[in-house]
Amino acid sequence: MVKHIILWTLNPDLTGEQRATVLREIKEGLEGLKGQVPGLVDVHVQIDGRIDTSNCDLMLDCTLESEAALRAYAVHPAHVAVANGKVRPYTIQRVCLDYAI
């Protein structure tokens, strides 16, 4: 099994309303990949409860069956569509940690 953790920072130029919409759409899009992407065991996007000591805006926490499943996830058309349509246009920084469990 592999954990795939991503932290993003949203574009600071987003208004409060835009920010709320973007966060909701990222969460819905990424969590909606469960059942669509082979090898994706679990997925959660944390957008609520952020406290002032944070230096990022949201977190993706995925569990995949293997490193091969992670590589396949990265290029799966459903994942690429969410990443290109809902995440990348609105984020300015991405940090990733992948590790075996």
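## Close-up views of a predicted model

**View 1. Helix α3 packs through its buried residues.** The buried residues of α3 pack against β1, α1 (16-31), α2 and β4. This is a predicted model, in which local features need pLDDT of at least 70, side-chain atom pairs count only at pLDDT 80 or more, and totals for chains, interfaces and linings use all residues. Residues are numbered from 1 along each chain as its sequence is written, and side-chain values use heavy atoms, with hydrogens and water left out. Helices (H or I, at least four residues) and strands (E, at least two) are DSSP runs numbered from the N terminus. Buried means under 20% relative accessible area, exposed over 50%, and partly exposed in between (1.4 Å probe, protein chains only). Packing is contact, meaning heavy atoms within 4.5 Å. Find A78, H79, V82, A83 and V87: these are the buried residues of α3. Looking down the axis of α3, they fall within an arc of 135 degrees, so they line one face of the helix. The arc is taken from the directions that run from the helix axis to the C-beta atoms.

View 2. A69, L70 and Y73 are the buried residues of α2. The buried residues have several partners. They pack against three helices or strands named β1, α1 and β2 (40-46), and also against β3 (58-64), α3 and β4. Now look at the start of α2. There, a side-chain oxygen of S66 comes within 3.4 Å of the backbone nitrogen of A68.

**View 3. K3 is a buried lysine with polar contacts.** K3 belongs to strand β1. Its relative accessibility is 14%, so K3 counts as buried. A polar contact is a pair of N or O atoms within 3.5 Å; within protein, one must be able to donate a hydrogen and the other to accept it, and residues adjacent in sequence count only if both atoms are side-chain atoms. The side chains of K3 and D61 are joined by such a contact at 2.7 Å. Another, at 3.0 Å, links the side chains of K3 and T63. Set aside residues up to four places away in sequence, and K3 touches D61, C62, T63, L97, D98, Y99 and I101.

**View 4. T91 in strand β4 reaches back to V87.** T91 is found in strand β4. The residue is buried because its relative accessible area is 17%. The T91 side chain reaches the backbone oxygen of V87 at 3.2 Å. V87 is itself one of the buried residues of α3. Beyond its neighbours within four places in sequence, T91 is in contact with W8, T9, L10 and N11.

**View 5. V45 is buried in strand β2.** The strand that holds V45 is β2. The relative accessible area of V45 is 0%, so V45 is buried. Leave out its neighbours within four places in sequence, and V45 is in contact with K27, L30, E31, L58, M59 and L60. Compare V45 with I5. The two are 40 residues apart along the chain, and their C-alpha atoms are separated by 9.7 Å.
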